Amino acid sequence: MAYLEPSEFATKMVDAGEQKIFMSTKDTFIRAFMAGAILALAAFFAITVITKTGNPLLGSVLFPVGFIMLYLMKFDLLTGVFTLVPLAVLDKRKGCTMRELFRNWGLVFVGNFAGAMTVAFFASFILTYGYQIDGGAVAEKVSTIGESRTIGYKDQGILGWFTIFIRGMLCNWMVSMGVVGAMISTSAGSKMAAMWMPIMLFFYMAFEHSIVNMFLFPFSMIMGGEFTISDYLLWNEIPTVLGNLAGGLLLVGLPLYYTHVKTSKERKAKSSASTETIAAL
């Protein structure tokens, strides 16, 4: 496989952030919609596998296929633009401003949400034959997940809120490592392998991913989950989004930028004369 040095792919990260800022509104929304829809379908698939096999690890191993598909098609997730777009602003690329950054984030958020909600409707419809029957074991599993990851956190108060936030950070640490990992190689197979590992990790560890949750919690509510929209927003989506932002930017984007793009001068070795003088002393 063709391997790129960190200094090369770190520059590609800044280039990608700049490209996303200047993408048209139409293209940004369509790519975000498709990313949200594909990731939601992958989550539906993984939950179905877990429910039917009783094996969470198997579902986690298979879930990354959705992330890989959307990445190879150059679709955009909010978690990815949280990491890449700020680097173009930080690098002072021409026209890359905070206003343009928030424009990109807003469009991607709306597109991801629309795509995830569309799949939530499709999934609930096919499980119930148009809402005529009970959704079965999968519906029961989803409703339980929705309740435990909203009301369960709410019951713990402010510490529950910060638990979600940190889970969101850890999630986008891994997701962004998948995004960056795919830039290390020009081989499709190597890109897939680099993405697979961190995505599998975040899913198995039940870290909080804002776009997965855009599908999971509306789907759970449709399937009978006993929690409200405000529970979902305040006790999951909002802290998850903030955690995803912090994790992707602070744990991946900025460290790579400052150590591989804005590198500091190398330290020079002391002269032999100076070394001998010090030794004599």
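## Basis of the model

The structure is a predicted model, in which local features need pLDDT of at least 70 and side-chain atom pairs count only at pLDDT 80 or more, while totals for chains, interfaces and linings use all residues. Residues are numbered from 1 along each chain as its sequence is written, and side-chain values use heavy atoms, with hydrogens and water left out.

## Overall fold

The protein chain has 13 helices and zero strands. Here helices (H or I, at least four residues) and strands (E, at least two) are DSSP runs, numbered from the N terminus. Along the sequence the pattern reads α-α-α-α-α-α-α-α-α-α-α-α-α. Along the principal axes, the C-alpha atoms fill a box of roughly 85 × 45 × 40 Å.

Of the 281 residues in the protein chain, 49% are buried. Buried means under 20% relative accessible area, exposed means over 50%, and partly exposed lies in between (1.4 Å probe, protein chains only). Among contacts in the chain with a separation of 6 or more, 82% join residues 24 or more positions apart. A contact means heavy atoms within 4.5 Å.

## Surface and charge

The accessible surface of the protein chain comes to about 13,800 Å², and 67% of this belongs to carbon and sulfur atoms. Such areas come from the Shrake-Rupley method with a 1.4 Å probe, and for residues only the protein chains shown count as cover.

The chain has 21 positive and 18 negative charges, and their mean positions are 9 Å apart. Lys and Arg count as positive and Asp and Glu as negative; His and the chain ends are not counted. Each charge is placed at NZ of Lys, CZ of Arg, CG of Asp or CD of Glu.

## Two helix pairs

Two packed helices are described by the angle between their axes and the distance between the axes. The axes are lines fitted to C-alpha atoms, for helices over the stretch in contact, and angles run from 0 to 180 degrees between N-to-C directions. Angles under 35 degrees count as roughly parallel, over 145 as roughly antiparallel, 65 to 115 as roughly perpendicular and the rest as oblique.

Helix 2 (residues 25-53) packs against helix 7 (residues 136-148) at an angle of about 110°, and their axes are 10 Å apart. Helix 2 is therefore roughly perpendicular to helix 7. On helix 2 the contact is made by F44, I47, T48, I50 and T51, and on helix 7 by A137, V138, K141 and V142. In the other pair, the axes of helix 5 (residues 78-90) and helix 6 cross at roughly 170° and come within 10 Å. Helix 5 is therefore roughly antiparallel to helix 6. The residues in contact include L78, V81 and F82 of helix 5 and M98, L101 and N104 of helix 6.

## Residues within helices

V142 sits in helix 7 and counts as buried, at 0% relative accessibility. Apart from neighbours within four places in sequence, V142 is in contact with I47, L216, F219 and S220. V142 and T51 are 91 residues apart in sequence, yet their C-alpha atoms are 9.4 Å apart in space.

T118 belongs to helix 6 (residues 98-128) and is partly exposed, with a relative accessible area of 26%. T118 and R103 are 15 residues apart along the chain, and their C-alpha atoms are separated by 23 Å. K20 lies in helix 1 (residues 6-21) and is buried, at 12% relative accessibility. Leaving aside neighbours within four places in sequence, K20 touches T28, D76, V81, L84, V85 and N104.

## Residues within loops

D76 is in the loop between helix 4 and helix 5 and is buried, with a relative accessible area of 5%. Not counting residues up to four places away in sequence, D76 touches K20, M23, R31, A32, A35, V81, V108 and N112.

K74 also lies in the loop between helix 4 (64-72) and helix 5. K74 is partly exposed, at 49% relative accessibility, and has a positive phi of about 65° although K74 is not a glycine. Y131 is found in the loop between helix 6 and helix 7. Y131 has a positive phi of about 65° and is not a glycine either; at 40% relative accessibility, Y131 counts as partly exposed.
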